[in-house]
Amino acid sequence: MNKLKNILFLALVGFALASCVTARKVNYMQKPDKYIPSYADTLSFEDYVLRIGDRLYVYVYSLNEEVMRMYNAGGTNASQMRQQMGLGGGQNSSYDLYTYLVDEEGNIDFPTIGKVRVQGLTTREVKHELEKQLGTLITEMPGYSSVSVEVNVVNRSFSIVGAQSGRYPITKEKMTIFEALALAGDLGEFNSRKEIKLVREINGVTTIKTFDARSEDIVNSEYYYIEPNDIIYIRQIPGYSFGINHVTTVIGVTAATISFGVFIYTIVQTGINHVNKHYGKGK
């Protein structure tokens with residue numbers, strides 16, 4: 001009886017401890033060692049390059065009111081446009097009214113200019129191109145005034161698959177992997193930080209990169225900043241569909257299981273003794 005108890009106790013303690021979700025498995029910013037990889041200093045942030053399907057918010061500034069009305073939806077000011085589009089706190093998104101779609105040929109159709117090639121350019125480059133072409137056009141208008149153009153991508157987002165699945169907006173120019181995970185509500189205790197997969201399109205080619213978000217070296221690596229349309233895949237820690245994450249829980253579960261096991265053993269043993277007593281060889 002005692003031997004069975006000891007075996008059952010050791011087996012349950014081993015299972016419970018193996019099921020523990022330790023701080024080492026879920027904490028970020030850990031120093032690299034033989035279990036947590038180090039990453040070379042490859043950090044670089046490059047301006048986003050426009051792709052087919054992007055939508056551009058364009059606002060033209062000028063001291064000439066006629067120019068403002070012509071290019072900005074009847075003279076609507078910039079803050080009103082942002083609010084109506086859902087930028088900066090607005091609830092509705094009037095993309096078609098205030099934005100320009102990058103078509104299948106990589107162009108936007110801008111008033112008085114026509115087709116403007118933007119695919120492969122940054123928003124800064126598009127800004128300079130529009131200012132150049134508009135500057136040429138409006139020099140012939142009465143009350144000529146120079147123009148300045150604001151250009152932003154308005155449909156920037158990333159997706160998370162596996163844990164906290166969903167599509168989330170990129171809310172700032174440089175969003176880090178930690179800010180992205182925080183926006184999604186973090187990963188929870190039973191989701192792996194060890195092998196996060198990042199699906200990203202680079203120069204028209206889809207690539208898959210795997211990294212360990214626990215390493216503090218991540219802040220110096222190519223994985224630190226996310227880009228529009230990134231897909232982040234989070235998998236569950238193998239074997240942790242049932243997990244125990246506190247020592248007190250381990251002790252409680254182990255004690256309860258042993259008590260139940262002893263109870264079942266006692267019932268079975270009593271039955272066996274009863275059978276032997278009444279139907280045994282001596283009978």
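The protein has 8 helices and 10 strands, where helices (H or I, at least four residues) and strands (E, at least two) are DSSP runs numbered from the N terminus. The model is predicted: local features need pLDDT of at least 70, side-chain atom pairs count only at pLDDT 80 or more, and totals for chains, interfaces and linings use all residues. Residues are numbered from 1 along each chain as its sequence is written, and side-chain values use heavy atoms, with hydrogens and water left out.

Of the 283 residues in the protein, 36% are buried (buried, under 20% relative accessible area; exposed, over 50%; partly exposed, in between; 1.4 Å probe, protein chains only). The accessible surface comes to about 16600 Å², and 55% of this belongs to carbon and sulfur atoms; areas come from the Shrake-Rupley method with a 1.4 Å probe, and for residues only the protein chains shown count as cover. Among contacts (heavy atoms within 4.5 Å) between residues at least 6 apart in sequence, 63% join residues at least 24 apart.

R51 lies in the loop between helix 2 (23-26) and strand 1 (55-62). R51 is buried yet has no salt bridge, defined as a side-chain nitrogen of Lys or Arg within 4 Å of a carboxyl oxygen of Asp or Glu. The nearest side chain of opposite charge, E227, is 4.0 Å away (Lys and Arg count as positive and Asp and Glu as negative; His and the chain ends are not counted). The side chain of R51 reaches the backbone oxygen of E201 at 3.4 Å. Apart from neighbours within four places in sequence, R51 is in contact with V102, E201, E227, P228 and N229.

N229 is itself found in a loop, between strand 9 (205-211) and strand 10 (231-233). Although N229 is not a glycine, its phi is positive, at about 75°; its relative accessibility of 36% makes N229 partly exposed. A positive phi, near 65°, also occurs at D186, a residue other than glycine. D186 lies in the loop between helix 7 (177-183) and strand 8 (196-202) and is partly exposed at 28% relative accessibility.

N72 is placed in the loop between helix 3 (65-71) and helix 4 (78-85). N72 is buried, with a relative accessible area of 0%, and its side chain reaches the backbone oxygen of V60 at 2.5 Å.

Terms used: Polar contact = N/O pair within 3.5 Å; in protein donor to acceptor, adjacent residues only side chain to side chain.
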